[in-house]
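Work through the exercises below with the coordinates open. Each task is followed by a stepwise solution.

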Amino acid sequence: MSIKLMTDVWDAPAFKGNTKLIMLRLADFANDEGLCWPSVSTIARKCTVSVSTVKTQIRQLIVAEFITVKNRLKTTSEGKITNDTNYYQINMTRLHQVVLAAGEMQPGQKVIRGQKTLQPGAKSGYKPSIDPSFEKNNPIALVV
């Protein structure tokens, strides 16, 4: 699991909905170099989406150059050559560039990732509690 990759995926505005979910799952499986090899059915099961949704989203991620895929083959015990799970390589440079371009993190700027504003606190002002036990005119008696 690569926390840095997952953080970049969370902060990348290029991903929405199922695309973000599938990229997060790939980043969760990936090592620090961005390499992973989960099966499409495992991704679908973990993301609670269909296999066809995973395949469609992966094709879109390949076209957008966020990932590259290398097909793997395996030899069965009977000597047949069949497909194995694919290698997925997350393009960490492209992903990081998208995050930088979005303004989430500028070089040299110290910003807590995920923080949307630099101004802390609510702007709506004070809101009194709606708990009736704090009302002065309506005291609640304790039942013992």
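**Exercise 1.** What covers the buried residues of H2?

*Solution.* Note that the model is predicted.
Step 1: locate the helix. H2 spans residues 17-29, 13 residues in total.
Step 2: check its length. H2 reaches 19 Å from its first C-alpha to its last, close to the 18 Å expected at 1.5 Å a residue.
Step 3: list the buried positions. They are Thr-19, Lys-20, Ile-22, Met-23, Leu-24, Arg-25, Leu-26 and Ala-27.
Step 4: collect the cover. Among the helices, it includes H1 (3-11), H3 (40-47) and H4 (51-63). Strands E1 (35-36), E2 (67-70) and E5 (87-90) are also included.

**Exercise 2.** Is Met-6 buried or exposed? Which residues does Met-6 touch, not counting those up to four places away in sequence?

*Solution.* 
Step 1: Met-6 lies in helix H1.
Step 2: apply the cut-off. Buried means under 20% relative accessible area. Met-6 has 18%, so Met-6 is buried.
Step 3: read the contacts. Met-6 touches Met-1, Leu-24, Ala-27 and Asp-28.
Step 4: The C-alpha atoms of Met-6 and Arg-25 are separated by 8.5 Å, with the two residues 19 places apart along the chain.

**Exercise 3.** How many disulfides does a search of the whole structure find? Are Cys-36 and Cys-47 buried or exposed?

*Solution.* 
Step 1: recall the bond. A disulfide covalently joins the sulfur atoms of two cysteines.
Step 2: search. The count for the whole structure is 0.
Step 3: check accessibility. Cys-36 is at 1% relative accessibility, so Cys-36 counts as buried. Cys-47 has a relative accessible area of 5%, so Cys-47 is buried.

Methods: Residues numbered from 1 in each chain as written. Predicted model: local features only at pLDDT ≥ 70, side-chain atom pairs only at ≥ 80, totals over all residues. Heavy atoms only, no water. Helix = DSSP H or I, 4+ residues; strand = E, 2+ residues; numbered from the N terminus. Expected span 1.5 Å × (residues − 1). Buried < 20%, exposed > 50% of the residue type's maximum accessible area, 1.4 Å probe, protein only. Contact = heavy atoms within 4.5 Å. Disulfide = S-S within 2.5 Å.
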